[in-house]
2 protein chains.
Amino acid sequence: MKTYETSDEEKKFFAGYDLTKYDRPSVAADVVVFSVMKDDECKDVRRLQEKKLKILLIRRGGFPYKGCWAMPGGFCKKGEDVIDSARRELCEETGIDDAYVKLVGVYGEPGRDPRGWVISSTYMALMNARACHLKAGDDAQDARWFTVELTDVSTEMSGAGGHSVNEMSTKVSGTGEEIVKNEDEASRKVQNEKRYRLVLKDADSDIKLTAVLRRTDMSSCGRSSDSYDIEECEGLAFDHARIITEAVLGLREDVRRDMKLAFDLLPERFTLTELQNVYEQIWDMELTTPNFRRKIAEYVEETDAYQAGERYRPAKLFRRRTDVR
Amino acid sequence: MKTYETSDEEKKFFAGYDLTKYDRPSVAADVVVFSVMKDDECKDVRRLQEKKLKILLIRRGGFPYKGCWAMPGGFCKKGEDVIDSARRELCEETGIDDAYVKLVGVYGEPGRDPRGWVISSTYMALMNARACHLKAGDDAQDARWFTVELTDVSTEMSGAGGHSVNEMSTKVSGTGEEIVKNEDEASRKVQNEKRYRLVLKDADSDIKLTAVLRRTDMSSCGRSSDSYDIEECEGLAFDHARIITEAVLGLREDVRRDMKLAFDLLPERFTLTELQNVYEQIWDMELTTPNFRRKIAEYVEETDAYQAGERYRPAKLFRRRTDVR
DNA sequence: GGAATAGTGTCTTTTAGACAGTATTCA
DNA sequence: TGAATACTGTCTAAAAGACACTATTCC
C-alpha cells in the first residue's frame, strides 16, 4: 500500500483528531473450516467408505455458551488485516498456513454476543485433511470434525408450504389504459421463504448438533439480501448455526461456479473417483461418472502413479493442471 | 434473534468482563452505489442515447483525502447491524431505503486510513436512477454519478505479458517411478496475475478519475483469495479504487449467476431493449437480440403499456415476473 | 416510401445428461 | 472364475449462438 502524504495543514487536523472518541465494536475473525475425510473409527458395522464433507468445531471451555460448539476464531489484532487474523486463527488451530480462504459474511446483529458489541467477519477455508494437524489441546481444548448435512425442508414444514409465491394481478389487460403507473412498485417485490435443517455429527463421540433456519429472501435474489432466523438450535454457540448454513450454501455455489475450488480439499494427487466424491458431498447429489469425467478433464492431468492398497483395480492418480484458468 | 439465557455463575463472569480492555477498530460501512442512466447534458455532438452503468461518488470536503472522491459511507453505530448502517448511509444520500444491498468485502489493511485503525465493510447497492434523489448538499457536498469503465489490460502491460503461467515439469514419465511424492506440493500452486484499468468519468464536469490495479490470484481461484495492489490512482480516496474494482467484478459475476439482479437497476416497467442494454453495460459486451430475448423470456411478463415519446416504433413495456425463482 | 428501431423463425454448434458397455485387478 | 471397481463410447436432449427475416412506427 502506498504511503499517504500529509501536508502541514493536514498534520494539524490529525493532531486534534481522535477516532477513539466514538463507540467502537470488537471485531472477530471466525472461520468455517471445510475438509473431506472418512469416519475412520466408524462404530457401525456397515462400511462407509466414502469421505464426507466436514467442518471443524471447537468446544467452548468458558462463558458465554460454555460447553457449546463454535467455529475457530478470535479477535482481530491491530496492525493485521481481518483476513490475516482469520488465517492466523486457522493456522493456530490446524497448522495450515496456505489454505484457500474466502469471505462468507459480516455478522453484527445487536445481541448476537452477550459480552457486548462484537462484529464477526467470517471466512471459509478449504483444506486437505491429510495435511492438517489439530492443535494438541493446550487447555484441554476439544476440537472435532463434524459431518455436515444441510437440507431444504421448506415443503415439509409449517406455513402454506413451498415457495409462498406472491400471486398477484399479473394481467389486467383489456382496459385500454396505456399510462404507466408507479403506484404498486413496492408491492411487486419478490418475497421467498425457505427453511433449512442443519445437522452436524461427530461419529466418534456421537455428538449431534442441530438447527433449523428460516431464510427470507427479499427483493430479487442473490445470497445476501436475505435475512436468516434461527428457529431451533441445539449445541451451537452464538449465531454460528446461521453462519455455517450460509457458508455451506456459499460453498455449494462457489464450487458450482468454479469447479477447481474442490482441489483445495484434496491432496496433490487423487483418483477421479475421489474427486467425483468431493463434488457429490458438496452438492449432496450423485453424479454420473462418464459425464463427470468429460467435464473435469480440462482441469486435471494424469500422473504416472496409481492408487495402492485398495481391494480391486487400482485407479490412476491425477493432479490439477496448473496451466488452465 | 433469541435472547440469551444467563445462569448466576455466568452473570458473575460477565460482571468482571470488559471487552473494551482490548484494542478495537472503528468500523465503517461503505457502499458502491450502482445505477444505469443517460449522460443527459452530453456536451459532445454525437448522440449517446444508451444508458451507462454509473456509480455514485462524493467529493470529500475534509481531511484526509480532502478534495478526492469517495464512496458514500460512514461509521457504524452501536445497536445497528453493519448492513443496516450501509442502508442508512445509502438512504441519507439517495432517499432510497429498499435497494438491493450485498456485501462486497471487508477491508482492514493496516494503513488504509491515515486516521487510524478503520475497517471498512463494503456493500454494493443496485438502484433505479429515476427513484433516486441525491441529497441537497447540506455542507456544499458534491455528489455525482460517474460512468464506470473497467478493462483488463494484462496483455498490454509490463512483465512477461499475459497470464504468466507456471510451466512446470508436467510429465516426467518413463521413469517407472510409481511412488507418490509430496515434495513439490507447494510449488504447484497456481499463480496468476492480472492488471485492470479503472476509469470513472463525470460528463458534466469533465472530471476523470483513473486507477490501475494489479491482482495476484494465489491458490486456486475464486474472487477472494487474491490480493490487490493499487499501482496508480488519480483522485480516488483511501483504497476505494481497489474496492470499486472488486465491486464491479463482483457485479459482473453476480449478474451472470442471476440475471434477475438487473431488474433492480430499472424502473418497474421497461422495454426489452433497455433491459438488454443493462446487461451489455454490466458485462461490457454486445448481446444478440433474439438470443437475449429467448433467455430473458422466463423472467419477464408483458404489460399493456407501450413506451412513448420515442422517434420510431414504440416498444412494448415489460415487468419482472414475481412468480419465478 | 425511407429510416430507424421492434420483434421473430430457424439453423448450427456446444454442452449436459442417460446409459450400455469394456477393462483390470484381487481373492 | 466372480466380485468389485475403473474407465470409455455413443446416443439424446437441452441450451447457447448465429443470422436472416418480418413488423411497426414516425417523418
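Author: On a 1 Å grid over the protein atoms alone, a cavity is a set of points where a 1.4 Å probe fits but cannot get out, while a pocket is an open set with protein on both sides within 12 Å along at least five of seven lines; lining residues have an atom within 4 Å of a point. Grid points are joined across faces, edges and corners, and a volume is the space filled by probe spheres set on the points. This is a predicted model, in which local features need pLDDT of at least 70 and side-chain atom pairs count only at pLDDT 80 or more, whereas totals for chains, interfaces and linings use all residues; side-chain values use heavy atoms, with hydrogens and water left out. Residues are numbered from 1 along each chain as its sequence is written, and chains are lettered from A and ligands numbered from 1 in the order in which they are written.

Reader: Which elements give two or more residues to the lining of the second largest cavity?

Author: The second largest cavity has a volume of about 70 Å³. Its lining includes A:Val27, A:Ile119, A:Ser121, B:Val27, B:Ile119 and B:Ser121. Helices (H or I, at least four residues) and strands (E, at least two) are DSSP runs, numbered from the N terminus. The elements giving two or more residues are β6 (118-126) of chain A and β6 (118-126) of chain B.

Reader: How many charged residues does the lining of the second largest cavity have?

Author: Ala, Val, Leu, Ile, Met, Phe, Trp, Tyr, Cys and Pro count as nonpolar, Asp, Glu, Lys and Arg as charged, and the others, Gly among them, as polar. In this lining 8 residues are nonpolar and 2 are polar, and the number of charged residues is none.

Reader: Which element provides the largest share of the lining of the largest pocket?

Author: The largest pocket holds about 910 Å³ of space. Of its 40 lining residues, the closest to the centre are B:Arg60, B:Gly73, B:Gly74, B:Phe75 and B:Arg115. Two or more residues each come from β1 (26-37), β2 (52-59), β4 (73-75) and α2 (82-94) of chain B. The largest share, 4 residues, is that of β1(B).

Reader: How many charged residues are in the lining of the largest pocket?

Author: The lining has 17 nonpolar and 7 polar residues, and its charged residues number 16.

Reader: Which element gives the most to the surface near DNA strand D?

Author: A residue is near a strand if one of its heavy atoms lies within 4 Å of it. DNA strand D is surrounded by 14 residues, the closest being A:Pro290, B:Pro290, B:Asn291, B:Arg294 and B:Arg313; sugar and phosphate make up 60% of its atoms within 4 Å of the protein. At least two residues each come from α5 (289-296) of chain A and α5 (289-296) of chain B. The element that gives the most, with 4 residues, is α5(B).

Reader: How far is the side chain of B:Arg294 from a base nitrogen of DNA strand D?

Author: A polar contact is a pair of N or O atoms within 3.5 Å; within protein, one must be able to donate a hydrogen and the other to accept it, and residues adjacent in sequence count only if both atoms are side-chain atoms. On the phosphate oxygens of DNA strand D, a polar side-chain atom of A:Thr273 lies at 3.3 Å and a backbone N or O atom of A:Lys316 at 3.0 Å. For an N or O atom in the side chain of B:Arg294, the distance to a base nitrogen is 2.7 Å.

Reader: Which residue has a polar side-chain atom 2.9 Å from a base nitrogen of DNA strand C?

Author: Around DNA strand C, α5(A) gives the most, with 4 residues. The base nitrogen is approached by the side chain of A:Asn291.

Reader: Is A:Ser154 buried or exposed?

Author: Buried means under 20% relative accessible area, exposed over 50%, and partly exposed in between (1.4 Å probe, protein chains only). A:Ser154 sits in the loop between β7 (143-152) and β8 (192-202) of chain A, and its side chain makes a polar contact of 2.5 Å with that of A:Asp152. Because its relative accessible area is 6%, A:Ser154 is buried.
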